[in-house]
Number of protein chains: 2
Amino acid sequence: MMKLKVYTDRMSQPSRAIIIFCKMNRIDFEEVRIDLAKAQQRSPEFQEINPMRQVPAIVDGRFKLFESHAILRYLVCTFPGVPDNWYPADVSNRARIEAILDWHHSNLRRGSASLVFNSVLAPKFGLPLNLEAAKEAEKILDSSISKIEGIWLKGNSKFLLGNFQPSIADLSLVCEIMQLELLDKKDRERILNPHKKILQWIENVKVATNPHFEEVHAVLYKVRAKLHSNPSSISGESIKSGPKVKLSPKL
Amino acid sequence: MMKLKVYTDRMSQPSRAIIIFCKMNRIDFEEVRIDLAKAQQRSPEFQEINPMRQVPAIVDGRFKLFESHAILRYLVCTFPGVPDNWYPADVSNRARIEAILDWHHSNLRRGSASLVFNSVLAPKFGLPLNLEAAKEAEKILDSSISKIEGIWLKGNSKFLLGNFQPSIADLSLVCEIMQLELLDKKDRERILNPHKKILQWIENVKVATNPHFEEVHAVLYKVRAKLHSNPSSISGESIKSGPKVKLSPKL
């Protein structure tokens, strides 16, 4: 039987979640890199894997699947030996996790991904920064972080919903928040530091999934270092109407 | 045992999907109306039901749940006798449906909900129209509709993924598209008419779920009639910087 293939770019939050999940659960897989900065997701070959042209995607034998939450659920149900905490069999506990996963798309993910893209990453993809869009995104992000803290991190629980072990929702949401590492340090601290429970929760997920967590995020830290050693790429000014920045072949 | 309570506003796309699903599957429930135009979702009583202050939400005994896809999955798993087509037990078939449900949030829903809100509904909620946001939303909507048609409605299948019976993904996505009924007829036709397979698919879901489908959408048709008999509320001009329109107590 062919090994599970996982198509990823580790700069993509949901790609990282899938890789960490596979490593944590000793799922044997081959990681195939699809370099988003080189637009490899637009190749005809990859379109055969995922017609939506996004990472992550998987191929398991003849079965192809995309959307990271769908992939996580599929892996839990297909590969034996995944501990119940990741995606509980109990209907009510599972439903509460589904609610977080579904909520994520239009809230935390929308805010975080748009903020990072529009305030830092866009030039790497040949697009201008858009600080107006970034400002709107930060509002959604702030509101999302407050809701996670107030609703799902009540009390002193280590993980969402008062759980003692992480679920796929903890993994997906924390991998998303990690994208804020790409922001200027001051911006990241302004957003996250008022939320002590969020900071502790990120740390708890790291500890529970290390060494895989830090290994999979290493690329992110490298790009962060490169971004912030080159002040011109993070000028802090809107260059919405300015010239397009060329795709960096180094990213 | 207490009857299932379903908190809805039939002007909300996912609320309608839940009601139609319950009626189709003879799930005994009490519908509790939360009037969004009167901001009833912001009441302290409703916040106890759903801290996110959104409809739909359910209370089943002591269990509370929000997010419509999570609710649909929960209902399938909790109420006996729901036919397998709605949410197949087969892992691969289920995973393909999960991918559609997850994709929906940042694509079809984001485009459709934002277009309708910013071009028609905003004044009903005391906010100005925003035709710039509506234009951006229409791009996302157009792209989403093309992808549904090209990827999931291949061939002559009646429902998504080549299925002969509808799934919860068909129901969720078609209830979303129905929101376009609130647009000016010309706008709706401009968006949908180039997509014959989408039109046929909407019709197929209607036929498969009637009389419930039309009964649950009756409110939408009424609001449409009211909106378009009063040209001042759909002037077609941006009133972004204009005065706020008062909440209509009649909606």
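Does B:His104 count as buried or exposed, and at what relative accessibility? In this model, which is predicted rather than determined by experiment, B:His104 has a relative accessibility of 2% and therefore counts as buried, since that word is used for values under 20%. The residue sits in helix H4 of chain B, which covers residues 91-121. Setting aside residues up to four places away in sequence, B:His104 touches B:His69, B:Arg109, B:Arg110, B:Ser172, B:Leu173 and B:Glu176. Another residue of the chain, B:Leu180, is 76 residues from B:His104 in sequence, while the C-alpha atoms of B:His104 and B:Leu180 are 16 Å apart in space.

The arrangement of the two chains comes next. Chain A can be superposed on chain B by a rotation of 180° with 0.0 Å of shift along its axis, and the RMSD of that superposition is 0.0 Å. The two copies are therefore related as by a two-fold rotation axis. The same surface serves both copies, as 100% of the contact residues of chain A recur in chain B.

B:Ser15 belongs to helix H1, residues 13-24 of chain B, and its side chain makes a polar contact of 2.7 Å with the side chain of B:Ser12. Apart from neighbours within four places in sequence, B:Ser15 is in contact with B:Tyr7, B:Thr8, B:Asp9, B:Val55 and B:Pro56. The last two of these residues are themselves joined by a cis peptide bond, with omega near 0° from B:Val55 to B:Pro56, and B:Pro56 lies in the loop between H2 and strand S3 (57-60) of chain B.

Chain A has a cis peptide bond of its own to consider, from A:Asn210 to A:Pro211, with omega near 5°; A:Pro211 is placed in the loop between helix H8 (196-209) and helix H9 (212-228).

Two loop residues of chain A deserve a look for their backbone angles. A:Arg53, although not a glycine, has a positive phi of about 60°, and its place is in the loop between helix H2 (44-49) and strand S3 (57-60) of chain A. With a relative accessible area of 27%, A:Arg53 is partly exposed. A:Glu67 is likewise not a glycine and has a positive phi of about 75°; this residue is found in the loop between strand S4 (63-66) and helix H3 (68-78) of chain A. A:Glu67 counts as buried because its relative accessibility is 15%.

Terms used. Residues numbered from 1 in each chain as written. Chains lettered and ligands numbered in written order. Predicted model: local features only at pLDDT ≥ 70, side-chain atom pairs only at ≥ 80, totals over all residues. Heavy atoms only, no water. Least-squares fit on C-alpha atoms with pLDDT ≥ 70 in both. Contact = heavy atoms within 4.5 Å. Helix = DSSP H or I, 4+ residues; strand = E, 2+ residues; numbered from the N terminus. Polar contact = N/O pair within 3.5 Å; in protein donor to acceptor, adjacent residues only side chain to side chain. Buried < 20%, exposed > 50% of the residue type's maximum accessible area, 1.4 Å probe, protein only.
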